[in-house]
Structure formats: structure tokens, C-alpha cells
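Visitor: I would like to see how the labels attached to a model follow from its values. Please show it.

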Amino acid sequence: MTYAVPSGDPAGPGAYLLGVDSGGSGLRVALGRAGDPGPLATTVCAEPVRTGPGGIDAGHLLDQLLPAARELLERASAAASAEIRRDARPSGSRADDASAHEVAAVAIGAAGMATLGERLRAELPGALADALGVRRVALAADAVTAYAGAVGQRPGAVVAGGTGMIALGTDLKEWHRADGWGHLLGDSGGGAWIGRAGLDAAMRAHDGRRGGSDALLDRLRAVFGPAEALPGLLYPRSDRPAVLASFAPEVAACAGADPVAAGILRQAAGHIAEAAAAVCPAPTEPDGEGGGAGEVALTGGLFRMGEPLIAPLREELARLLPGARMTTATGDPLTGALRIARALAAGDLRLPRHPTMLFVPPEQETGQSGETAVHSEPRSE
């Protein structure tokens, strides 16, 4: 099947866009218009998309996405019709434009897209063309939609921190990734890493070993019960990273008065800053595209810990990336997916294409640059 419709012409300002964020807690969908900056409406499908032997289940994703998209489109169409009747707009106004009833672009960001997204890349573009008449499709790793939500289409770096931790950067020519390897191999400085370090310090205090923290032992008992029962509570759980991460706020709460807890957060900040430094593009001259200094945007629940983590992170970034600007994300991954869809509809997607990180079917790429590399190690400058 050929599903390429566009010849490179941008969509009209009234054309609809869909942004999708698929993660461990479910599927979120946002509807927008090509000519408007924000979403018209959003909805949530609470069931996470299944993953099986063939990777992310494309059929299960579509079973949730298509009804949600149709509901959002019907609501938007009804609202537009009511506005026309209320304002008695003449024929030819934006709400009457035929482009207002077409889906010009869809961008889907999914956790696991880079390693488990083969079926999505093979099946979704054609299925979306058949079901919604969509003109352009982009399939992205959730780190890429996090980047687009946090930084937009500028050079820079984003650190996405939650239970895990990943850093992603680009100079708009290629992607650079650091960490995000899971709690057994990495995610250093993330919520599970901090929680595990805090529980380790608590157990050391329980045993009378060096490096223990009585304050963290008290918090362990308050949260989990007797310390000696913790292994039996933790090891059988399939969601061990989330359980470990649930203790991270306790570490932050103790950091003001407990030097062991403060030291854990300083170590975490060092790991996060190292990952950011590995992916942040080199500063350009002041009149260059990068504005003279790298931008490092923070996104994710990890950074809601506030100053106990942010203060040492600011110091570590200043040491490793002098002149870098640490910013708060301007939007989340769902915002990023909608931004990618809007850029795709306008023919102005400047983020680097990549076969697994940011996939745009080649048939849609008329007159645009080809795929680019992604690196999982620091660059040689």
C-alpha cells in the first residue's frame, strides 16, 4: 500500500493534528489545529498498550487511539458548527474550510519505540491513512517527544527524569543519547537509583555498618515496616523500579538535616549532569544557531523534588557545562508529539530523522533530508 499523500505543500491552518503519548500509565491523545499553538482537547485511555514477543502491539494501540481520535474530532466539529451558527460566519471562513475536516498529521511518541517499535513503524502509517485519511505520520521514541516538548526544534539537550533517567541532545543534525538503560544497567541519578541508595543507607544503619543513616532508617520503617522484612516485600515484586523510586522523595525530605541523604542527592546530581554533558551540543558563536550556550531542559517527576536535587544539579552542570542554561521544560511529551505533528503538517520538521528514534516514512519525505545517526556515547569534540 502507498500511503504518501503530501507533495510537500503545508496543510491549511484549520487542518486537524493529532499528538499521541503512549507510556506505562496509558495512552494520551491531543487534538490540535495546524494554525493554533495549543491543543483543542485531550483525552486519556487508561490501559497501557500491550507489548509482546513482536514488540509494541500495533493493533492494541489502534484499538484505543482510533475511537479516542474520532471522539475528539466529533467534539471539535460540533464545537466549530456551534460557533458558525452563533457568529453567523459567511461561507469561506476558517471553520468552513474543507481543510478543517481533515487530519493533516499525526505524531506518536511511545515508550520502547526505539527497540520495540518495528510493528508500529510497519503497520501504523497505512492503518492511519485508511482510518483517518491522515496525510503525514511521524513515529518517535518517547525521549524525542520529551525533547520536542521541553526544547522545541532548537539545538540543546533534555534530561527526562522519573523512575529512570535518560538524556537526549541534538545539534539538529544527529541525536545523542546517554543512559536510559534501566535500573539494572543504568538510569543513574533517577528515582529508582536515589530510592535504592536511600534504602541501602537505611539498611546500613540497621546493621550498624559504615555509611548508614538513622533518619533514612526511620523513614524506611514508616513507609515499609520492619527493615528486616523489606527483602520479602521488594524482591518478589515485578515493579521493583517503581517501588524503589517511591522512596526517593523520602531521601529528599531528609536531605536538609541528614548529610547521608544530602550526599545521595549530590551523587545523583553528578550522574545527571554527566549524562547531560555527554549529549549537549557544543556551544556555537553568539550569532550561531545555538545562541552561544547549550540549553539543558529538565522534564519529568524526578525534578519535582525541588532544591534538594536542583541545587546540586545546578552546581554540577555549571562545572561540566560552563555557560549552559538550565531550563524547565515548556511542555511534556504529549505537547512534544503535537509540536512534531504541527511541524510535519507545515513541512518544517527540523528535528533529525532516524529509523527508530524519529521515523517519518520515506514516501512522505519529498524534498526533505534523509535519516541521521544516533549516538549512545559522548562525542569527540
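Guide: Start with a facing pair: Gly169 stands opposite His176 in S10. The model is a predicted one.

Visitor: What makes S9 and S10 paired strands?

Guide: Pairing requires at least two bridges. Five bridges join S9 to S10 (residues 175-179), so the two count as paired, and they run antiparallel. They form a hairpin with four residues between the strands, where Leu172 has a positive phi near 70 degrees.

Visitor: How do you know that S8 pairs with S9?

Guide: By the same cut-off of at least two bridges. S8 (residues 156-161) and S9 share six bridges in the antiparallel sense, so they pair. Val159 stands opposite Ala167 in S9. This hairpin has three residues between S8 and S9.

Visitor: Why is S9 called mostly covered?

Guide: A residue is buried when its relative accessible area is under 20%. Six of the six residues in S9 (residues 165-170) are buried, therefore the strand is called mostly covered.

Visitor: Which residues of S9 lie on each side?

Guide: In a regular strand the side chains alternate between the two faces of the sheet. Met165, Ala167 and Gly169 are on one side of S9, with Ile166, Leu168 and Thr170 on the other, and all are buried. For the protein chain, buried residues make up 50% of the 381 residues.

Visitor: Where does pLDDT stay under 50?

Guide: Over residues 91-100, for which the model has 21 contacts beyond four places in sequence. Residues 286-292 are also below 50, with 13 contacts beyond near neighbours in sequence. The chain averages a pLDDT of 85.

Note on methods: Residues are numbered from 1 along each chain as its sequence is written. This is a predicted model: local features need pLDDT of at least 70, side-chain atom pairs count only at pLDDT 80 or more; totals for chains, interfaces and linings use all residues. Side-chain values use heavy atoms; hydrogens and water are left out. pLDDT is the predictor's confidence in each residue, from 0 to 100. Contact means heavy atoms within 4.5 Å. Buried means under 20% relative accessible area, exposed over 50%, partly exposed in between (1.4 Å probe, protein chains only).
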